[in-house]
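Open the model in your viewer and keep the selection panel at hand. The tour goes stop by stop.

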Amino acid sequence: MVDADAVAAELYGLRPEEFTAARDAHAAAARKAGQRAEAKRIAALRKPTLAVWAANRLARADADQAQHLLELGRGLREAHRTLSGEDLRKLSHQQHVVVAAMAGEARRLAGEAGQDLSAGVQREVEQILRSVLADPEAADTWARGVLEKAPPPAVGFAEVAPAPGTAPRPQQPEREPRPEPQPEPDAEPDDTQEAGRTSREAELAEAALALAETERERARAGLGALDERIARLEERLDGARGERERLAAAAEAAERGHQEAVREAKRARTAARKARRR
């Protein structure tokens, strides 16, 4: 029996150039097994772009990191319904930090798989992650590593509606200013909402910090590996230089031998001519 969901999970883990042949083979197997509906679903699976493949690989490589992004997305969507402009600016900065770090990690993972990502493709990955933050359905699909295509761009969570009672009031015509109402002297301020905002902001900041620290450690490890590789290449270069010097000396000796052989041949020909004349 062919399971279309299991096939999709397998296919979207392949590199894009491997996708089409594998998809067609699975669809043919489903048709041969008499599973026409499954075959049709498999055949309809879309080959991912390089950016979508890199985003899927990122989600598959580190489930904890993917969950951190999903939690950040949930917090941001809630924040856009309830928080003030100043708080949103802070969270927006955290969003940019996390997305940039994860896009860099996607580029590193793609390189490990033998696929270099250009700066343009990395920006596409960043856009996919921003869309994932804004769209719960896309977030779930991405977390399973089976995105077929990039979700629609979501800039600033524009599609998230404010919670009831928090939407801005329509602008009123200018009129005589009225004095602001003053709280009752014995009324105590309610800090519950502010505490909730601060708690959410702290949680999101911790998630952003954890991702940034993970990326830093991976970057340091990558730098150490690169230093080792450079040292090995320098050793090989030194060896190649020594070999070149040896070959240059051998070539020079061979050239001298060749010149001596030419002179010897010339002397032999001269001697032969003299012998024939005698």
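Predicted model: local features only at pLDDT ≥ 70, side-chain atom pairs only at ≥ 80, totals over all residues.

## Stop 1: a loop residue

Select L14. Setting aside neighbours within four places in sequence, L14 is in contact with A22 and W53; contact means heavy atoms within 4.5 Å. L14 sits in the loop between α1 and α2. Helices here are DSSP runs of H or I with at least four residues, strands are E runs of at least two, and both are numbered from the N terminus. With a relative accessible area of 22%, L14 is partly exposed. The scale: buried is under 20% relative accessible area, exposed is over 50%, and partly exposed lies in between, using a 1.4 Å probe and protein chains only.

Residues are numbered from 1 along each chain as its sequence is written, and side-chain values use heavy atoms, with hydrogens and water left out.

## Stop 2: the whole fold

Zoom out and colour by secondary structure. The protein has nine helices and zero strands. Along the sequence the pattern reads α-α-α-α-α-α-α-α-α. Of the 278 residues, 30% are buried. Take the contacts with a separation of 6 or more: 76% of them join residues 24 or more positions apart.

## Stop 3: helix α1

Select residues 4–11, which form α1. Which residues of α1 are buried? They are A4, V7, A8 and L11. Look down the axis of α1: the buried residues fall within an arc of 100°, so they line one face of the helix. The arc is taken from the directions from the helix axis to the C-beta atoms. An α-helix has 3.6 residues a turn, so residues three or four places apart point the same way.

Next, show α2 (16–32), α3 (36–43) and α4 (50–61). The buried residues of α1 pack against these three helices, α2, α3 and α4. Then go to D3. D3 caps the N-terminal end of α1, with a side-chain oxygen 3.0 Å from the backbone nitrogen of D5.

## Stop 4: two rings

Select Y12 and F19. The structure holds one aromatic pair. The ring centres of Y12 and F19 are 5.2 Å apart and the planes are at 45°, so the pair is tilted. Rings of Phe, Tyr and Trp (its six-membered ring) pair if their centres lie within 6.5 Å; planes under 30 degrees apart count as stacked, over 60 as edge-to-face, and the rest as tilted. Y12 is buried at 1% relative accessibility. F19 is buried too, at 0%.

## Stop 5: two helix pairs

Show α2 with α3. They pack at an angle of about 170°, with axes 8 Å apart. α2 and α3 are therefore roughly antiparallel. R23, H26, A27, A30 and R31 of α2 make the contact with E38, A39, I42 and A43 of α3. Axes are lines fitted to C-alpha atoms, for helices over the stretch in contact, and angles run from 0 to 180 degrees between N-to-C directions. Angles under 35 degrees count as roughly parallel, over 145 as roughly antiparallel, 65 to 115 as roughly perpendicular, and the rest as oblique.

Switch to α5 (residues 63–82) and α8 (residues 136–143). Their angle is about 175° and their axes are 10 Å apart. That makes α5 roughly antiparallel to α8. Here A66, L69, L70 and R77 in α5 meet P136, A139, W142 and A143 in α8.

## Stop 6

Select Q115, in the loop between α6 (85–112) and α7 (119–134). Is Q115 buried or exposed? Q115 is buried, with a relative accessible area of 17%. Its side chain joins that of R15 in a polar contact of 3.4 Å. Such a contact is a pair of N or O atoms within 3.5 Å; within protein, one must be able to donate a hydrogen and the other to accept it, and residues adjacent in sequence count only if both atoms are side-chain atoms.

Finish on A106, in helix α6. A106 is buried at 0% relative accessibility. Its contacts beyond four places in sequence are A54, L58, L117 and V125. A54 lies in helix α4.
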